[in-house]
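Biologist: I have a structure to read and would like to learn how its features are described. Please take me through them one at a time.

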Amino acid sequence: MSILSALLFFHAGLFRAGLFITVIIAIWGLVIYIRKLPPSGGFRSLVIVLPIAATYTSGRDPRREPLVYGIAGLFMAGLTIRAFTTGA
């Protein structure tokens, strides 16, 4: 296995993981919003950096927080797909 094929394999794995995580975040946030539940501690401590969403929701309506994270997750999933399609 050459270094290039190993890097391509690793890149494809990162793409799948990133896409999976962002889609889960998007679905989780939108379900919480639709069910009109407050965001849980687990939802707030996601293993992904969403600084713009966190800044936007800081000090505002807690009910709206999952919607913002859900939309940010969908946006990040779109970016992940776009990054994969422009790769080698």
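**A patch, a fold and a core**

Modeller: Phe20, Ile21 and Ile24 make a nonpolar surface patch of about 290 Å². This is a predicted model: local features need pLDDT of at least 70, side-chain atom pairs count only at pLDDT 80 or more, and totals for chains, interfaces and linings use all residues. Residues are numbered from 1 along each chain as its sequence is written, and side-chain values use heavy atoms, with hydrogens and water left out.

Biologist: Where does isoleucine 21 lie, and what is its relative accessible area?

Modeller: Buried means under 20% relative accessible area, exposed over 50%, and partly exposed in between (1.4 Å probe, protein chains only). Isoleucine 21 has 40%, so this residue is partly exposed. Isoleucine 21 belongs to helix H1, residues 3–34.

Biologist: How many helices and strands does the protein chain have?

Modeller: Helices (H or I, at least four residues) and strands (E, at least two) are DSSP runs, numbered from the N terminus. Here there are four helices and zero strands, in the order α-α-α-α along the sequence. Of the 88 residues, 25% count as buried.

Biologist: Which residues form the largest nonpolar core?

Modeller: A nonpolar core is a set of buried Ala, Val, Leu, Ile, Met, Phe, Trp, Tyr and Cys residues joined through side-chain atoms within 4.5 Å. The largest has six: Ile32, Phe43, Ala53, Val68, Tyr69 and Ala72. H4 gives the largest share of this core, three residues.

Biologist: What is phenylalanine 84 in contact with, beyond its neighbours within four places in sequence?

Modeller: Contact means heavy atoms within 4.5 Å. Phenylalanine 84, in helix H4 (residues 65–85), touches His11, Ala12 and Phe15 in that sense. Phenylalanine 84 and alanine 12 are 72 residues apart in sequence, yet 7.9 Å apart in space, C-alpha to C-alpha.

Biologist: What is the phi of lysine 36 near?

Modeller: Most residues other than glycine have a negative phi. Lysine 36 has a positive value, near 60°, and sits in the loop between H1 and helix H2 (41–44). With 60% relative accessibility, lysine 36 counts as exposed.

Key: Patches are made of residues with over 30% relative accessible area and no salt bridge: like charges are joined within 9 Å, nonpolar side chains (Val, Leu, Ile, Met, Phe, Trp, Tyr) within 5 Å. Accessible areas come from the Shrake-Rupley method with a 1.4 Å probe; for residues, only the protein chains shown count as cover. A salt bridge is a side-chain nitrogen of Lys or Arg within 4 Å of a carboxyl oxygen of Asp or Glu.
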